[in-house]
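Please find below my note on the model that you asked me to look over.

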Amino acid sequence: MGIRFVLMVNKQGQTRLAQYYEYLTLEERRALEAEIVRKCLARNEHQCSFVEHRNYKIVYRRYASLFFLVGVDENENELAILEFIHLLVETMDRHFGNVCELDIMFHLEKAHFMLEEMVMNGCIVETSKSNILTPIQLMDKMS
């Protein structure tokens, strides 16, 4: 499958966006998020951005006050996932203008929509920023 979940978390460890591509109960999601966030936020900036946890490989990156965490299969390419995270941030930057935690909080549906345009069933299906943003811009024009 590839990508199992995508999380956006602030520096205090509060989840701002969570998208799962496999079924987990709410209790399992809460426990998994707490363990992963605690593990990733405890690491310093000189350590690598890859962590193994349970049967996942966690690839994460910090942009300003947000951490972008992606859980993938153990055989997934970490550098490709770092590129995916960077593409997601660039796409959000293009739409929101220097994306921040408040943009995610107040426009959660747009953030989910961007992610859904990029990833389908755990596979990256779109990498063109203009193709990702065109439907959102059309929705903005209509409202």
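The numbered points below take these topics in turn.

1. Basis of the note. This is a predicted model, in which local features need pLDDT of at least 70 and side-chain atom pairs count only at pLDDT 80 or more, whereas totals for chains, interfaces and linings use all residues. Residues are numbered from 1 along each chain as its sequence is written, and side-chain values use heavy atoms, with hydrogens and water left out.

2. An unreviewed UniProt entry lists residues 3–142 as "domain: AP complex mu/sigma subunit"; UniProt positions are given in the numbering used here, feature names are shortened, and annotations may be inferred rather than shown by experiment. The span is 47% helix and 26% strand, and its end C-alpha atoms lie 33 Å apart. Helices (H or I, at least four residues) and strands (E, at least two) are DSSP runs, numbered from the N terminus.

3. Arg4 and Asp73. The structure holds 7 salt bridges, a salt bridge being a side-chain nitrogen of Lys or Arg within 4 Å of a carboxyl oxygen of Asp or Glu. One of them joins Arg4 to Asp73, with the closest N and O atoms 2.6 Å apart. Because Arg4 lies in strand β1 (residues 3–10) and Asp73 in the loop between β5 (66–72) and α2 (78–96), the pair ties together parts that are 69 residues apart in sequence. Both Arg4 and Asp73 are buried, where buried means under 20% relative accessible area, exposed over 50% and partly exposed in between (1.4 Å probe, protein chains only).

4. Lys57 and Glu78. Lys57 forms a salt bridge with Glu78, the closest N and O atoms being 2.9 Å apart. Lys57 lies in strand β4 (residues 56–63) and Glu78 in helix α2, so this pair ties together parts that are 21 residues apart in sequence. Lys57 is buried, at 8% relative accessible area, whereas Glu78 is partly exposed, at 24%.

5. Glu90 and Lys129. A salt bridge of 3.2 Å, N to O, brings together the side chains of Glu90 and Lys129. Glu90 in helix α2 and Lys129 in helix α5 (residues 129–142) are 39 residues apart, and the pair links distant parts of the chain. Glu90 is partly exposed at 31%, and Lys129 is partly exposed at 22%. Separately, salt bridges that share partners join Arg4, Glu22 and Asp73 into one network.

6. Cysteines. The structure holds 0 disulfides, a disulfide being a pair of cysteine sulfur atoms within 2.5 Å. For Cys40, the nearest cysteine sulfur is that of Cys48, 10 Å away. Cys40 is buried at 1% relative accessibility, while Cys100 is partly exposed at 31%.
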